[in-house]
Amino acid sequence: MDVTDKKSIEKARDFIKEKHGGLDVLVNNAAIFKLNPSTGQSELTMDRSIEAVKETIATNVTGVLDVCAAFFPILRDHSRVVNVASGLGSLKNLQNEEVKKLLTGKDLTVAEVERAAADYVKTVEDIGNLGVAAGYPDQYGPYSMSKILLHAVSRVQQRDLDQDKSRVDIVLNSCCPGHVATDINRNTGRKTVQQGADTPVYLATLPPSSRDGETVTPRGEFVRERKVVDWLGNQ
């Protein structure tokens, strides 16, 4: 499935619905971090072009939201959703106070997150240099911004799922797998894929909430090493 291609997403959704009747676990792990060409592992530098910014947001944010829009309707009772984000999505990396206030607001909507993503791309296109002068992330640029947006929308998605009374006990969390050695960093990460998968798998297999009304936790949180991280408070 190509998360930047809505027809590809819908085809995958339709196949799962036809073959299995619905979905119990959704892990949004697709992401890119654009690097410049290098001749060795010690020369990893980020691509700061507007093309890289557009492609990163299209994959890491828009793609995830398109997958969610297509697959959320076929989630069954007690489904688990995991948005694989990153510690680089810390609010400390965002100096634009207006955007920060928007993304941390209790009434934030998915549509507002989509507009925030589009505004970010337009700002970078207008002023260059990753929009740093407007308070956007510098060191990890669009990757960091994409993960900030993903953390923000995860809170919204859990709230919206809770308000859907047609199904029960659908739990969504975002998480940081850690610095894992994969193609995204040319295998320079410190963790193995198996180690990085621990928290996402833990969240994807959270047990059903109890019948006496006690809901399972974590729920709508940011989780690292199986522990909840205060994303809102880490500014």
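**View 1. Where H4 meets H5**. From H4, Val-110, Val-113, Ala-116, Ala-117 and Tyr-120 touch Gly-141, Pro-142, Met-145, Leu-149, Val-153, Val-156 and Asp-160 of H5; contact here means heavy atoms within 4.5 Å. Sorted by class, that makes ten nonpolar residues, one polar and one charged (Ala, Val, Leu, Ile, Met, Phe, Trp, Tyr, Cys and Pro count as nonpolar, Asp, Glu, Lys and Arg as charged, and the others, Gly among them, as polar). This is a predicted model, so to speak of a local feature takes a pLDDT of at least 70, side-chain atom pairs count only at pLDDT 80 or more, and totals for chains, interfaces and linings use all residues. Numbering starts from 1 along each chain as its sequence is written, and side-chain values use heavy atoms, with hydrogens and water left out. The axes of H4 and H5 come within 9 Å and cross at roughly 170 degrees, with axes being lines fitted to C-alpha atoms, for helices over the stretch in contact, and angles running from 0 to 180 degrees between N-to-C directions. The two helices are therefore roughly antiparallel (over 145 degrees; under 35 is roughly parallel, 65 to 115 roughly perpendicular and the rest oblique). Helices (H or I, at least four residues) and strands (E, at least two) are DSSP runs, numbered from the N terminus.

**View 2. H2 alongside H5**. These two pack at an angle of about 15 degrees with their axes 9 Å apart, and are therefore roughly parallel to each other. On the H2 side, look for residues including Val-53, Ile-57, Val-64 and Cys-68; their partners in H5 include Tyr-143, Leu-150 and Gln-157. The contact splits into eleven nonpolar, four polar and one charged.

**View 3. H1 against H2**. Helix H1 (residues 6-20) packs on H2 at about 35 degrees, axes 10 Å apart, in another crossing that is right-handed. Lys-6, Ile-9, Ala-12, Arg-13 and Ile-16 of H1 make the contact with Gly-63, Asp-66, Val-67, Ala-70 and Phe-71 of H2. Six of these residues are nonpolar, one is polar and three are charged.

**View 4. The second largest pocket**. It holds about 170 Å³ of space. Its lining includes Leu-65, Phe-72, Glu-114, Asp-160 and Arg-167, and H2 (50-71), H4 (110-127) and H5 (141-163) each give two or more residues. Six lining residues are nonpolar, one is polar and four are charged. A pocket is an open set of points on a 1 Å grid over the protein atoms alone where a 1.4 Å probe fits, with protein on both sides within 12 Å along at least five of seven lines; lining residues have an atom within 4 Å of a point. Points are joined across faces, edges and corners, and the volume is the space filled by probe spheres set on them.

How values were computed. A crossing is left-handed if the near helix is turned anticlockwise from the far one by less than a right angle, and right-handed if clockwise.
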